[in-house]
Amino acid sequence: MERKRFYQYLWSAILTSLSGILCVQIDGIIVSHLLGAEAFAAIGVLMPLLQIQLTLCLLIGVGGALRLSFAIGEQNEVKSQQIFRLTTCLLLGCSLPFVILSGWSAMVAGRFCHEATLMPLATDYARVLLLSAPVYLLLQGSGAMVRAEGFPKRILWAMVLANVLNLGMDVLFIQVFHWGIAGAGWATTISNIIALVIILTRPRHSTTSILSAHIHLRLLPSILLAGAPIALGSVAMFVRLSYLTSATSAHLGAEGMITLSLLLSVFLVVNLLAGGTTQALQPLAGQYIGQGDTAAMYRTCRRSLRFTAISSVVVTLVVIVLARPLCLLYGIDSLPETGTLSALRIFALCYAFYSVGYVLMVIHQILGNKTKAMIIAVVQALMVIPVFALALTFDSRLTWWAFPVSELISLIFISILSNHELRHIYTTPTCD
């Protein structure tokens, strides 16, 4: 029963993550083919801005979902309602500053884009990202909570529909209405609005309801503390992305940014395995903790680690073999100056190291080991910066090797730090 429940959540979470990521990927692919590789690079250079929004989703949305799963495991319906309402209101409130900043989208884009040829495109896309922040934050945060409530399939079908609509509107807005790169952004936003409505109108027998005049702020510290480790990792990832985009732009120019954008885009798809696994792990393990079933919780962690390790190795091999078709899919041929094809194959070597380390970080978060979880999150995100800097200093041809080398170093460190937890995970008896 445990195994069946785990894989039901797992595949639903992975497919949901895939659907969500495809919205961004569809934008990148269509923009690259219809507007050129520079437009694709402009989307890539704004990844740090999207990472800021994601950080808030993780801090509030994932933190709220984890506390919600504990309350559901304890069968505390009143507390479940309070957590859902507070989390939703916090997400909406945190999105408002982004909307205000949309009036200064050129200034915001200039903080991340250091290539003059990309600035007009980056400005247009940044304006849409800022205006659509309420939709993005509510979609990601409420999706995590509704999954914790036990409605993973609703999220899956909502995101599948969003992707279909996004694809059609991308072509309509860019080709017919001639809205340029902003059209791709608005297509994603409108499709996300539809998905959000579907998610929030879940069955009425659900344990929670948004409609209430009471907001229980006393729950705020527990929500923020639950989401803090993974959110800190996202902050560190923002620093990482900011450095990488700046350094690549300065040393390798626009062509280097095109290559980096491709690597980051493919990585988003690959990362759905680790992201989907943790999205299944968090509500299940949280419910087992709420029920006091420690053995079931450790077995769920073990299944998560095994699946992540095996699947990420398989995906690494697939990316290495299909590197050229992937480049062509994004409308990019191998650039001789930056070696896009070889860069993608080298970059693929880091997938398994990163994925296993990320799942271990989330396991620490679930177990309440907040200090360890935060250390792992920071190390995993920032280790690449000194390695990348050394590669640029000695030989720019070694640049892309910085990713697998830094992720291997990080995983060794994480494994040593997680020795105690790994012993419990792998010595817990298998259920009948």
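**Reading a predicted fold, step by step**

Reader: Thanks! Which helix holds Cys 327?

Author: Cys 327 sits in helix H13, which covers residues 323-329.

Reader: Is Cys 327 buried or exposed?

Author: Here you compare the relative accessible area with a cut-off: buried means under 20%. Cys 327 has a relative accessible area of 2%, so it is buried.

Reader: Now I'd like to look at pairs of helices. At what angle do H3 and H6 pack?

Author: First, the general idea: two packed helices are described by the angle between their axes and the distance between the axes. Helix H3 (residues 47-73) packs against helix H6 (residues 119-131) at about 5°, and their axes are 10 Å apart. Because of that angle, H3 counts as roughly parallel to H6.

Reader: Which residues meet there?

Author: From H3 come Leu 49, Leu 50 and Gln 53, and they meet Ala 126, Leu 129 and Leu 130 of H6. By class, this contact of H3 with H6 has 5 nonpolar residues, 1 polar residue and no charged ones.

Reader: How do H12 and H19 pack?

Author: Helix H12 (residues 294-321) and helix H19 (residues 419-427) pack at an angle of about 100°, with 8 Å between their axes. That angle makes H12 roughly perpendicular to H19. Tyr 298, Cys 301, Arg 302 and Leu 305 of H12 meet Leu 422, His 424, Ile 425, Tyr 426 and Thr 427 of H19. The contact of H12 with H19 divides into 6 nonpolar, 2 polar and 1 charged residues.

Reader: Let me zoom in on Ile 425. Is it buried or exposed?

Author: Ile 425 lies in helix H19, and with 0% relative accessibility it counts as buried. Leaving out residues up to four places away in sequence, Ile 425 touches Tyr 298, Cys 301, Arg 302, Leu 305 and Ile 363.

Reader: How many residues along the chain separate Ile 425 from Arg 302?

Author: They are 123 residues apart along the chain, yet their C-alpha atoms are separated by 5.8 Å.

Reader: What about cysteines? How many disulfides are there?

Author: A disulfide is a covalent bond between the sulfur atoms of two cysteines. This structure holds 0 disulfides. The sulfur of Cys 57 has its closest cysteine sulfur in Cys 94, and at 9.6 Å that is too far for a bond. Cys 57 counts as buried, at 4% relative accessibility. Cys 89 is in no disulfide either, with the nearest cysteine sulfur, that of Cys 94, 11 Å away. Cys 89 is partly exposed, with a relative accessible area of 39%.

Reader: Polar contacts next, please. Which backbone oxygen lies 3.0 Å from the side chain of Thr 189?

Author: The backbone oxygen of Gly 185 lies 3.0 Å from a polar atom of the Thr 189 side chain. Thr 189 is in helix H9 (residues 181-200) and counts as buried, at 7% relative accessibility. Beyond residues up to four places away in sequence, Thr 189 touches Val 128, Ser 132 and Val 135.

Reader: Last topic: backbone angles. What is phi of Gln 75?

Author: Phi of Gln 75 is near 60°, a positive value in a residue other than glycine. You will find Gln 75 in the loop between H3 and helix H4 (77-101), and at 75% relative accessibility it counts as exposed. His 178 also has a positive phi, near 60°. His 178 is in the loop between helix H8 (152-176) and H9, and it is exposed, with a relative accessible area of 63%.

Definitions and conventions: Residues are numbered from 1 along each chain as its sequence is written. This is a predicted model: local features need pLDDT of at least 70, side-chain atom pairs count only at pLDDT 80 or more; totals for chains, interfaces and linings use all residues. Side-chain values use heavy atoms; hydrogens and water are left out. Helices (H or I, at least four residues) and strands (E, at least two) are DSSP runs, numbered from the N terminus. Buried means under 20% relative accessible area, exposed over 50%, partly exposed in between (1.4 Å probe, protein chains only). A polar contact is a pair of N or O atoms within 3.5 Å; within protein, one must be able to donate a hydrogen and the other to accept it, and residues adjacent in sequence count only if both atoms are side-chain atoms. Contact means heavy atoms within 4.5 Å. Axes are lines fitted to C-alpha atoms, for helices over the stretch in contact, and angles run from 0 to 180 degrees between N-to-C directions. Angles under 35 degrees count as roughly parallel, over 145 as roughly antiparallel, 65 to 115 as roughly perpendicular and the rest as oblique. Ala, Val, Leu, Ile, Met, Phe, Trp, Tyr, Cys and Pro count as nonpolar, Asp, Glu, Lys and Arg as charged, and the others, Gly among them, as polar. A disulfide is a pair of cysteine sulfur atoms within 2.5 Å.
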